[in-house]
Amino acid sequence: MLEQLRVMMKNKPNLNQRFILGGLAWVLFAPAAQAKNLFGSEQTATLYALVVTILGAFLAGYVLIRFSQKSGTARFKSDEKKKRLAQPQMTQQTDKKTLLPAIMYEMSKMSGSGRQKQNIAQSVTELVTHAVEEQMDTMKKDLTQHYNKIIEEQRRNEAVLQHKYQVTLADKKQTAAVLESIAEGLVVVNNKGEVIMMNAAAKGLLEVEDKDARTGHSLLDSLGEKQMVSLVQPSNKKSRGFEEDREIILSAKQESTKKVLRASNAMITDENGNTVGMVSVLSDVTKQRELDQMKADFVSKVSHELRTPIVAMQHALAILSDQVAGSLTEEQQKFVSLSQRNLERLNNLINDLLDLSKLEAKKMQIRPQATAIGPVIQQVCDSLEAWANSKAVTLTQRVAPDTPEAIFDQARIIQVITNLVGNSIKFTPKQGRITIEAKRSEAEDMLEVSVSDSGPGISKEDIPKLFGKFQQVGERSATDISGTGLGLAISKEIVDLHQGQIYVDPNCTQGTRFVFTLPLAPLPSSTEPAKKVEA
Amino acid sequence: MAEKHRILIVDDEVDFAESLAYWLEAKGYPVERAENGKEALERIAENPPDVVFMDINMPVMGGIEALKKLRETNKTLPVVMVTAAYQDTEKFMQSKELGISGFFPKSESLNQLGRVLEIALKGIKTGSAGE
C-alpha cells in the first residue's frame, strides 16, 4: 500500500485523485489547525497532527487504491503491472527508502522543527519496516523449514528406493550367476519352443551359438535336430511337475563326437493349469553310456572266456563219470561228482552274471504268452526232486482248480520258481516241507505264485536286503551249495519285466513265504485241475 | 550206426576238441582234427571225411568262411556247426543258408552230440547236407 502511495506521488495524480487528496487534506488539516488552541502547546498539537496525517495518509491511500481499481485507471494499473513484472523483488528492498520520503512529505505539512519531524518519521519508518521485516522473516523461516522438510523426505524416499533397487539388482545378478554357473545345462522354453533362458552349460552341451540362444529365439531353428523336438516341445501328456527323463542323442559326423544327453523336464503351468513352458535340466551322459557299453562288453567277453574252459572240463568229467574212459571206483566216482557239482555252480554263476548284465543293459527280452502255471511248477519240481530227496525235504504243489492262465515267458518263470524253490531247499533243514502254490490273487486281478518253507525264516531287518545284488542272508548249512547272491535280484528283474511283483509275505509266521504275481491272460481258455503231488 | 564213418573236428579249443574226439573214438568213429578253417579245407581236399564238426570262432579262418569255401566245391559233405550258446543268432542263420546238417551247442552234453551225429549220418544216406 505504501508503495502504491509512493507511486501515486511520483506519477502526477489524475483529476479524480487530486480531488480526493485535496478533500482528505482539508478534512485532516482543518482540525490540525484548530488543535493548537485545544492542546495549548504547539508541540502536542504537532504530534496530534502528525498521527492524524499518517492515519489519513493510510486511509487516503487505501481509498485511492480501491477507487482506482473500481474506476479502472488504466494507465496507473498497467504501469504498476509492468513494474511488478519487471522487478518483483525490488518492492521489498525499497520499502524503507520509499516509506521515509512519503512520511516526510506528509510531515512537512506539519508545524514543528524539521529535525524533530525527521526523527519521528525515521522512528515510524523503522517501526513499520521492522514489523514488516519481522513478519517476512518468520514467513521465510517457516517456508524454508517446510521446504527443507519436503526435500529431506524426498531424499530419504530416494535413498530407500535406491537401496531397494540395488538389492533387487544384486538378487537378480546372484540368481543369474548361480543359474549361469551350474554345471548342468538349463533351458527354459515357452510353449512355442522359444528360449526364455539358457545357461552357459546348456549352450555348450547343445553346441548353440550365443546369438541363437538369445531370448525369444526358437530353439528348433538353431538346432535342426529331430530329437530336439522332444526337448523343446512340451509333450501333450497331462503331466504335472516332472516328466520322466528323456535321453537325447545328438548325432555328429564322427562317432567320437556323438553326444548323449539326459533331459529332466518339468512343465511350467499357469494358475489355470495350462502348460506355458518347460524347464529342462540337461546333463551329458555320454561317458556314462560308454562305460555301460564297456561294462556290458566286458561281462560278455569274460563270460565267454570263462565258459570255454568250463565246457571243456564238463565234457572231460562227463567222459569220466559216464565211464567212457573206463570204470571208476566208488571213491573216484565221488570226487568226479564233486568236481562236476562245483563246475555246475561256476557255470550258474556265470549265467547269472550274464543275465544280470543283460537286465541292467535292458537287453533281456521276454516272450510272454498265455500259459498254464501248473505244468511249469511240475517241471520245476521234477528237476529239483532229486536234490530235495537228498535232504529228505518234501515238495508239495498246490494249484487251485480254477487257476486261470497267466501271461509269462515260460523259460524265465521257470528260472524264477527254480530259484525260489532252490533257496528253500538250501535253507530248510532235513525232514522239512516246501509248498509251491498258485491261485488267483484275492486282492488284485493277478496270478499269485508262492513258495513257502518250514525253514528258519528271515529276520525283518534282512527282508529289505533280499532283492539286492550279491546279498545272502541267514545261516546256511556248511554242506549246502552256496548261491551267487544274484538269484533273487534276477528273479525280481524278471518279475518286474512281466509287470508283476515279488515280495516276502510279511504275515508268514513260520518259515518263509515268497510270493510273486503275474498278469492274468484276458480269456482263460482252460483251467488246471487241482493237484497235490508229493515229490 | 556206421562204425567206419570218419569224422573231422575243427576247433581251436584243443581241450574241448580232445574230449569230443575221445568220446567219438570211444563210440567207434575214427576222428581227425584241425585247428582252423584253412587247415580243415586242406584236410578235406586231401582226404574227405564223412562228417565235419566245425567251430564258428577260430583264428586264421573262421567256421562260416570255411563252410562258404567248402560249399563252392562240395555241396553234400555233412557239416555240424559247433557253437557257443551265447553267440548271436545271425551266425546260425548264415551257416544255415550255406547248408548244414545241424548245430551242436558246446554246453550240451556229449549224449546230445550222439543224437546230432545220427542226424548228420542220415544225411549221408539221403545224399543231402542240409536239414
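Me: What makes two residue pairs across the interface of chain B and chain A count as polar contacts?

Reply: The model is predicted, and across this interface two residue pairs are found in polar contact, both at pLDDT 80 or more. Each pair qualifies because it has N or O atoms within 3.5 Å, one able to donate a hydrogen and the other to accept it. On chain B, the elements that give two or more residues to the side touching chain A are α1 (14–26) and α5 (110–126). The most comes from α1(B), with six residues. By class, this side of chain B has seven nonpolar, four polar and four charged residues.

Me: How many salt bridges does the rule find across the interface of chain B and chain A?

Reply: The rule finds zero salt bridges there. Contact itself is present: 15 residues of chain B are in contact with 13 residues of chain A. The area buried between the two chains is about 1,200 Å², and carbon and sulfur atoms give 70% of this area.

Me: Why is the meeting of Glu448(A) and Arg513(A) called a salt bridge?

Reply: The N to O distance between their side chains is 3.4 Å. The cut-off is 4 Å between a side-chain nitrogen of Lys or Arg and a carboxyl oxygen of Asp or Glu, so a pair that meets it is called a salt bridge. Over all chains the count comes to 12 salt bridges.

Me: How do you know that β9(A) and β10(A) pair, and in which sense do they run?

Reply: Pairing requires at least two bridges between the strands, and seven bridges join β9(A) to β10(A), which run antiparallel. A hairpin of five residues joins β9(A) to β10(A). Strand β9 (residues 433–440) of chain A also pairs with strand β7 (residues 394–399) of chain A, in the parallel sense over six bridges. There, Leu395(A) stands opposite Ile434(A).

Me: What makes the crossover from β1(B) through α1(B) to β2(B) right-handed?

Reply: Strand β1 (residues 7–10) and strand β2 (residues 31–34) of chain B pair in the parallel sense over four bridges, with Ile7(B) opposite Val31(B). The chain crosses from β1(B) through α1(B) to β2(B), and this β-α-β crossover is right-handed. The name applies because, with the strands pointing away from the viewer, the path over the helix runs clockwise.

Technical notes:
Residues are numbered from 1 along each chain as its sequence is written. Chains are lettered from A and ligands numbered from 1 in the order in which they are written. Side-chain values use heavy atoms; hydrogens and water are left out. Contact means heavy atoms within 4.5 Å. Buried area is the accessible area (1.4 Å probe) that two parts lose on being put together, summed over both. A polar contact is a pair of N or O atoms within 3.5 Å; within protein, one must be able to donate a hydrogen and the other to accept it, and residues adjacent in sequence count only if both atoms are side-chain atoms. Ala, Val, Leu, Ile, Met, Phe, Trp, Tyr, Cys and Pro count as nonpolar, Asp, Glu, Lys and Arg as charged, and the others, Gly among them, as polar.
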